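Reader: I have a model open and a few things to ask about it. Can we go through it piece by piece?

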Amino acid sequence: MRVGQVAIDGNVGAVGAVDPAELDAIFALEPTDGTLSDFDAGGLLISDDAAERLSVGAGDTLAVTFPKTGEQTLPVRAVIDGSGLDVDYLIDEATLLDNASDDGVSTLHVLLADGVDIEQARTAI
């Protein structure tokens, strides 16, 4: 997962960016509004806490201000149970790369193959 800095509703914070094709393999997300399959077309997944704060839901749009390109209007594809996530917003990776000045990877998630334990994976990495 990549992380970038954006402003949403005037508040600067972190947004996580993931490849929609890899979403299910990385996270076990539960939508409370909308569907995760809509994220394939880009846009935002937003935590239920942030959705409540901003009074938005699936199908709404949010103005997201990126450091490189300025304000972009992104559709909210789904509201998700945000417990366990480090960020309130997930965007598709292509949107972050197109609009942010830093494309650094901040978190690497590893999916273990059947029969591989954590110690074996640590040694291999």
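Reader: Let's start with Gln72. Is it buried, partly exposed or exposed?

Author: Gln72 is partly exposed, because its relative accessible area is 27%. Buried means under 20% relative accessible area, exposed means over 50%, and partly exposed is in between, with a 1.4 Å probe and protein chains only. Before going on: this is a predicted model, where local features need pLDDT of at least 70, side-chain atom pairs count only at pLDDT 80 or more, and totals for chains, interfaces and linings use all residues. Residues are numbered from 1 along each chain as its sequence is written, and side-chain values use heavy atoms, with hydrogens and water left out.

Reader: Fine. Where is the place of Gln72?

Author: Gln72 sits in strand β6. Strands here are DSSP runs of E with at least two residues, helices are runs of H or I with at least four, and both are numbered from the N terminus.

Reader: What about Leu36 and Thr123, what separation do their C-alpha atoms have?

Author: That separation is 34 Å, for two residues 87 apart along the chain. Leu36 belongs to the loop between β3 (31-34) and β4 (44-47). Leu36 counts as buried because its relative accessibility is 16%.

Reader: Switching to charges. How many salt bridges does a search of the whole structure find?

Author: Three. A salt bridge is a side-chain nitrogen of Lys or Arg within 4 Å of a carboxyl oxygen of Asp or Glu.

Reader: Why would such side chains pair at all?

Author: Side chains of opposite charge can pair when their charged atoms come close.

Reader: Take Glu93. Which side chain does it meet in a salt bridge?

Author: Arg2, at 2.9 Å from N to O. This pair links distant parts of the chain, with Glu93 in helix α3 and Arg2 in strand β1, 91 residues apart. Arg2 is buried because its relative accessible area is 17%, while Glu93 is partly exposed at 23%.

Reader: Which residue does Asp88 pair with?

Author: Asp88 forms a salt bridge with Arg53, 3.1 Å from N to O. That pair too links distant parts of the chain: Asp88 is in the loop between β6 (70-80) and β7 (89-92), Arg53 is in helix α2, and they are 35 residues apart. Arg53 is exposed, with a relative accessible area of 55%, and Asp88 is partly exposed at 28%.

Reader: And Arg122 with Glu119, what is the N to O distance there?

Author: 2.6 Å, again as a salt bridge between side chains. Arg122 and Glu119 are separated by about one helical turn because they are three residues apart in helix α4. Arg122 counts as exposed at 55% relative accessibility, and Glu119 as partly exposed at 48%.

Reader: Backbone next. What is the phi of Asp9?

Author: Positive, about 55°, although Asp9 is not a glycine. Most residues other than glycine have a negative phi. Asp9 lies in the loop between β1 (2-8) and β2 (11-18), and it counts as exposed because its relative accessibility is 55%.

Reader: What about Ser55, what is its phi?

Author: Ser55 also has a positive phi of about 55° and is not a glycine. Its place is the loop between α2 and β5 (61-66). Ser55 counts as exposed, given 66% relative accessibility.

Reader: Last one. Where does Leu112 lie?

Author: In the loop between α3 (93-99) and α4 (118-124). Leu112 counts as partly exposed, because its relative accessibility is 33%.
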